[in-house]
Amino acid sequence: MTASAMTDLQQDFRGTLILPADPHYDAARRVFNGMIDRRPAIIARCGNVDDVKRATRYGRDAGLLVAVRGGGHGVAGHSTCDGGLVIDLSSMKGIRIDPAGRTVRADPGLTWGEFDAATQAHGLATTGGEISSTGIAGLTLGGGLGWLMRKYGLVCDNLISADLITADGESVRATASENADLFWGVRGGGGNFGIVTSFEYRLHAVGPVLAVMILHPLARAPEVVRFWRDYAREAPDELTSTAAFVSSPDGSPVLAIALCCVGSIDAAERTVRPLRAFGSPLADMVRPMSYDRELQTMLDAGFPAGRHHYWKSSLMRELSDPAIEMVVDQFSRVTSPQTAILIEHLEGAVGRVGPEETAFDGRGAHFSLGIFSVWPHGEAPDRHIRWTREIFAAMRPFAAEGVYVNYVGGDEGDERVRAAYGRTKYDRLVALKRKYDPTNFFRLNQNIAPDPSVRPLQ
Ligand SMILES: Cc1cc2nc3c(=O)[nH]c(=O)nc-3n(C[C@H](O)[C@H](O)[C@H](O)COP(=O)(O)OP(=O)(O)OC[C@H]3O[C@@H](n4cnc5c(N)ncnc54)[C@H](O)[C@@H]3O)c2cc1C
């Protein structure tokens with residue numbers, strides 16, 4: 001990079017430009033997944049939309065590899081790079097709520113904790129990520145699973161509009177009636193088409209909820225998960241639940257049926273009662289709680305930044321008895337107490353959106369299986385990665401072809417990315433990519449190459 005190009009970028013830049021010599025550089029370059037250790041040449045921490053335009057044009061004119069960073073939680077590590085430019089949106093945290101119209105406009109640097117606190121001040125919420133430090137941006141663009149999804153749909157199903165900066169540094173708005181093709185693509189197609197500088201969402205009245213988990217010994221997991229599977233599939237949309245294989249504080253593997261039931265607490269108590277009555281739980285931690293301050297922050301302590309994450313995942317059409325036996329058996333050999341396997345129940349409002357209505361694929365899936373291997377910084381990765389691959393291979397015969405795009409790891413290859421977007425949608429996504437980003441300027445993402453025969457340089 002020449003000094004004069006840098007001076008051009010600095011001119012009128014409202015945010016902060018962070019270079020390797022800067023004392024804040026090391027903190028600024030880190031992302032959530034401690035396995036990702038990259039050194040960008042420059043981090044442009046944008047203060048406003050014009051900064052995003054300037055940084056985009058600068059990256060394009062200087063021919064730099066460009067990464068776009070929202071909350072920095074993507075485990076694949078696409079929000080940073082070696083030697084290039086990071087367009088960092090994490091300081092852009094404006095939020096404007098219309099309580100009467102039940103809508104919100106939110107900047108791309110917000111985390112779910114910040115978003116939920118602001119909307120819940122008005123008794124409102126929309127589906128959002130379950131850890132408060134995750135960014136709204138990457139999560140929304142991939143689809144977005146959360147505790148409210150069976151009642152109100154995915155996060156992207158609540159999107160009303162998105163403002164983007166395209167690869168040539170121009171503004172474009174995507175709504176159902178304006179650039180409708182782009183609006184289709186940003187609801188599940190990730191950051192492939194531009195940098196979103198504003199998200200507008202629909203909100204819903206959400207008061208206290210009944211949540212959060214019932215713990216069972218792993219030895220009893222097969223019958224508990226079978227019961228949960230059958231019960232959850234018949235339950236009203238108010239109930240969103242997950243079978244979570246985790247470790248108790250003493251390090252022994254356990255099963256948690258984690259749940260959130262919205263609506264009146266009386267009705268929720270009735271809905272959840274059979275789940276609480278089944279078997280002999282080790283602990284029942286289900287109680288009424290606030291959605292933002294309690295439920296949406298309850299799991300934060302288990303997910304501090306800096307741990308190493310290695311993920312594999314699949315959507316599932318069915319959760320058969322042999323599949324359940326296999327997960328339980330594999331989890332009994334888990335290599336790290338921080339690791340979790342989650343079987344998230346979908347359907348409800350998620351499944352009622354037509355398969356072609358948004359770029360998000362997997363409307364027909366009933367469950368999402370996530371193998372989320374996590375271990376402390378400094379520990380050798382080999383045995384954790386081996387275990388993750390083994391269980392993933394063991395579960396393949398039970399899994400659907402698809403996968404939730406935000407759970408795809410960084411080393412899974414192009415075939416897996418295509419599986420995430422779905423074979424029938426991929427051509428449509430490629431056509432959209434050719435229209436909005438023909439040079440694949442935005443390539444650090446679960447990439448849709450404008451020419452699928454050319455693998456992107458990363
Ligand atoms: C602890 C943890 C909990 C999670 N919980 C959930 C959950 O409850 N539900 C769920 O669905 N997923 C969950 N996820 C997965 C999550 O959806 C993805 O990690 C998501 O990418 C995070 O978004 P981010 O903005 O924080 O990430 P980043 O790493 O900043 O971005 C991820 C991708 O999005 C792109 N991007 C970011 N911002 C923009 C933008 N404004 N415009 C264009 N592209 C952009 C980036 O370039 C990158 O490719 C979780 C992940 C973690 C690590």
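Trainee: Which domains does the domain assignment of the protein give?

Mentor: The model is predicted. Its domain bounds come from an automatic or database assignment. That assignment gives domain 1 (14–88), domain 2 (95–205) and domain 3 (209–413).

Trainee: How many residues does the contact take from domain 1 and from domain 2?

Mentor: The centres of domain 1 and domain 2, taken over C-alpha atoms, are separated by 22 Å. Contact is counted between residues whose C-beta atoms, placed from the backbone, lie within 7 Å. The contact takes 13 residues from domain 1 and 14 residues from domain 2.

Trainee: Which element gives the largest share of the side of domain 1 that touches domain 2?

Mentor: By class, that side of domain 1 divides into four nonpolar, six polar and three charged residues. Its largest share is six residues, and they come from helix 3 (residues 49–61).

Trainee: From which domains does the shell around the ligand draw at least three residues each?

Mentor: There are 35 residues around the ligand, and Gly70, Gly71, Gly135, Gly138 and Gly191 come nearest. By class, the shell has 15 nonpolar, 18 polar and two charged residues. At least three residues are drawn from each of domain 1 (14–88) and domain 2 (95–205).

Trainee: Which element gives the most to the shell around the ligand?

Mentor: The elements that give two or more residues to this shell are strand 3 (66–69), helix 5 (136–142) and strand 10 (195–202). The most that any element gives is five residues, and the element is helix 5.

How values were computed: Residues are numbered from 1 along each chain as its sequence is written. This is a predicted model: local features need pLDDT of at least 70, side-chain atom pairs count only at pLDDT 80 or more; totals for chains, interfaces and linings use all residues. A residue is near a molecule or strand if its C-beta atom, placed from the backbone, lies within 6 Å of it. Helices (H or I, at least four residues) and strands (E, at least two) are DSSP runs, numbered from the N terminus. Ala, Val, Leu, Ile, Met, Phe, Trp, Tyr, Cys and Pro count as nonpolar, Asp, Glu, Lys and Arg as charged, and the others, Gly among them, as polar. Two residues are in contact if their C-beta atoms, placed from the backbone, lie within 7 Å.
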